Every structure is written in C-alpha cells, then in structure tokens.
Amino acid sequence: MASTGLVVIDLTIVAIGLPLISADIGDGASAESVVVTYMVAMGALTQVVGSLSDRWGRRPLFLAGIAVFTLSSLAATVAPDLLWLDIARVVQGAGAAAIMVNGIPLLSDRYTGEERDLAIGAWGSFATAAGLLAPVFGGVLAEAFGWRAVFAVNLPLGLAAWVLAVRVLPHAPGAAGETSRSPARTDWLGSLLLMLGLGTATLLMLRSGDTPWSGQDTAVLLTACAALAAFLAVQLKVPAPTLELRMFGSPAFSGAMLAVLLSRVLTIGGSVHLVLYFSDGLGMSPTGAGLLMTPIFLAQIVMGMVGSKLIGERPPGLVIGSGYALKGVGLAALALLVTPDTPWWALVVPLLAWGGCPYGFGQADRAGWGS
C-alpha cells in the first residue's frame, strides 16, 4: 500500500506542478511530456516486468521497483532542463511498472478468501485516498518550495516503503510473495516496438498543437505506424507476447479493456489539462488548483464504496454503464462551463459527477469482469 501510494500520488501531484515546470525549464515548450513519458514507459514495460517477476520472484522485482522509482525521483528533483526531467520520468515509469505489476499478486499470495477481498479493498481505498490528498499536498509544496518539491517528496516516502518491504516480504521460494508459475520468456522486441510506437505517436501529438505540419512530422508518423504494425505482427509470433491479442476475442475482456482505456484517457489526460486551465485560464495558485481537484477524488472514494456494493446486487454492465453515463454528464457540463471567466465554484458539481467514474464504478468494473 505504501509503495502503491507513491505511484498514485505521482500521477496527480506532478500535474499540479506542470505550470511551474513549464515556466522554469520548459523554455516555451509544453510540459505535458513530463506526464506522458512516465505513462508510456509504465505501460510498455508492464509485461516485461511481469515476465521478469516470473523468473526472479516478485519480492526482488518489487524491491527493485521501489528503489528505481525513488532514485529516479531524486534525478527529477535536480533536473536542469526538460530533457533531463523527461528521461528521469521514463526511468520512474519503469519503477512504477514493477511496483504495480507485483502489488496485487503479493496481496493475493499473502491472503485468501474473505481476507484477500478485504486486503484488496483496503489497497484500493488507500490508493484513492492518496489520490485525494495529492493535489492539495502538491499545491502547497509547489507554492511554498517550487516544482522540484513534488518530486523530492518521493524520497522519504520511497525509502520508508523500501525498508518496510525488506522487513515484511518473505524470501523463501513458494512462500507468500513468490510466484509458483513457470518462468515465461520475455518479449523484449515487442516491448521495444511498443515503446517506439507509443513514444513517436506521443511526440507527434505534442508537436502538432504548436507547429504547422512538416516533412519531419510525416517521418515521425510513418515511424509510429511502422513500429505499431511491427509490434502487432510480433505479438502473433512470440510464445509469450507483451499483448495477448487472442484475448480480445472475448467480448467481456474487450469491454473491460475499453473501459480501462476510457478511464485513463479521461482521468489522467483530463486532470492534466484541467490543472493547466485552473492555472492559466483562471489564474489560480498551485494550492488553489489542488483544492479545486479534490471534488474529483472525493467522489471517487464515495462511488468506490457504492460501486463495490452495487456490483454484488446488479449486473456489472449496468453498473459500469451507469458510471460512464454519470461521467458523461459531468464532462458535458464542463464543456459548457469552461471559459476564462467561469467562477471556480460553478465547476464543483460537474467535477463531482466526473469523479464518480471511473475509480468508483470502474473498481466495480474490475471486480465484475476480473472474476
């Protein structure tokens, strides 16, 4: 829970510091890459880390993930320019992948039956609570000490999480925290192609908003398309693919993946741009922007509890669809209200509706389709 809190906090706290990062070391460039590079690395390396965990055990990979995350946070804290910071964020994403891939399996190995459900529920509630506190905490830190403080805060938290994990996670193979599955081969080629495809596509999207289309953009587009096409071809050939395409033959699995995709696009992407709007459009301080983000995460906690109850009483599809309908209402209201002259209090109710999904009904999503 402590290490997962690190990852969740970093997703939201960094968004609060983006305006300050852009003003300090952005040199006119967009600081969105600070969030994007982290997510690209974490997503592309997830399966690689999972395969390595099968070979070497969950405990050492989990500990390595905390260490990598903490050390790369130190590198981000002292970053002299945006390129350095982006590289540090790529490494940080790799550490986050090791933490997230092994977190739930470690809980599942340690607990059984009702205890396992309670443990995973506590883990989810803690992660949501961390997301609730991070924007406000990050705003206070950034305003008082500058944007570097949003990365420096990971250092004591990461060290504490690492020491705790060393003390409580067992060593013995086959014991709690170790996998009993046979080692899987690591799809290094697929992972590299996925990172290349996602990275170049992201670079193209970041450039396209600021400059006219050029021959260089065409080359980047062709590179992204070629890398992603090669990635899909490789996935059909290798014995342990990074992305098991055959699983998408299941409507339930495809629906769950679509729900996850929408949740990440809307929540992470929306949060980043909302913070920039609060700062640049409404002229709010980092602390004010963090406070205005709290309705989103407060709604996530409440709807997480509601969704967990409803999933046992109603069909999962109905619960999930209701959650996204609620989110759609909130987004439509924001689209109508967002202007440079909008008073902050007018945004609170739409933000509450937006926050009610996906981390509320979305958790029910995972509970229903995951089983």
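This briefing describes the fold, helix packing, salt bridges, surface patch and selected residue contacts of the structure above.

The model is predicted: local features need pLDDT of at least 70, side-chain atom pairs count only at pLDDT 80 or more, and totals for chains, interfaces and linings use all residues. Residues are numbered from 1 along each chain as its sequence is written, and side-chain values use heavy atoms, with hydrogens and water left out. The chain holds 14 helices and 0 strands, where helices (H or I, at least four residues) and strands (E, at least two) are DSSP runs numbered from the N terminus. Of its 371 residues, 46% count as buried; buried means under 20% relative accessible area, exposed over 50%, and partly exposed in between, with a 1.4 Å probe and protein chains only.

**Overall fold**

- Read along the sequence, the pattern is α-α-α-α-α-α-α-α-α-α-α-α-α-α.

**Helix packing**

- Axes are lines fitted to C-alpha atoms, for helices over the stretch in contact, and angles run from 0 to 180 degrees between N-to-C directions.
- Angles under 35 degrees count as roughly parallel, over 145 as roughly antiparallel, 65 to 115 as roughly perpendicular, and the rest as oblique.
- A crossing is left-handed if the near helix is turned anticlockwise from the far one by less than a right angle, and right-handed if clockwise.
- Helix H2 (residues 33–56) and helix H3 have axes that come within 9 Å and cross at roughly 150°. H2 is therefore roughly antiparallel to H3, and H2 passes H3 in a right-handed crossing.
- The axes of helix H3 (residues 58–77) and helix H7 (residues 154–168) also come within 9 Å, crossing at roughly 165°. H3 and H7 are therefore roughly antiparallel to each other, and H3 passes H7 in a left-handed crossing.
- H1 packs with H3 at an angle of about 40°, the axes being 11 Å apart. This makes H1 oblique to H3, and the crossing of the two helices is left-handed.

**Salt bridges**

- A salt bridge is a side-chain nitrogen of Lys or Arg within 4 Å of a carboxyl oxygen of Asp or Glu. By this rule, the count comes to 2 salt bridges.
- Asp10 counts as buried at 0% relative accessibility, and Arg89 counts as buried at 1%.
- Another salt bridge joins the side chains of Arg246 and Glu244, at 3.2 Å from N to O.
- Arg246 is exposed, with a relative accessible area of 57%, whereas Glu244 counts as partly exposed at 26% relative accessibility.

**Nonpolar surface patch**

- Patches are made of residues with over 30% relative accessible area and no salt bridge, like charges being joined within 9 Å and nonpolar side chains (Val, Leu, Ile, Met, Phe, Trp, Tyr) within 5 Å.
- Val68, Leu83, Ile87, Val90 and Val91 form a nonpolar patch on the surface, with about 390 Å² of accessible area together. Accessible areas come from the Shrake-Rupley method with a 1.4 Å probe, and for residues only the protein chains shown count as cover.
- Helix H4 (residues 82–110) gives the most to this nonpolar patch, with 4 residues.
- Val91 is found in helix H4 and counts as partly exposed at 38% relative accessibility.

**Selected residue pairs**

- Ala2 lies in helix H1 and counts as partly exposed, at 38% relative accessibility. Ala2 and Gly158 are 156 residues apart in sequence and 8.3 Å apart in space, C-alpha to C-alpha.
- Ala227, in helix H9 (residues 215–235), is buried, with a relative accessible area of 4%. The C-alpha atoms of Ala227 and Leu198 are separated by 8.6 Å, and these residues are 29 residues apart along the chain.
- Ala335 has its place in helix H12 (residues 316–337) and is exposed, with a relative accessible area of 62%. Ala335 and Pro350 are 9.7 Å apart in space, C-alpha to C-alpha, and 15 residues apart in sequence.
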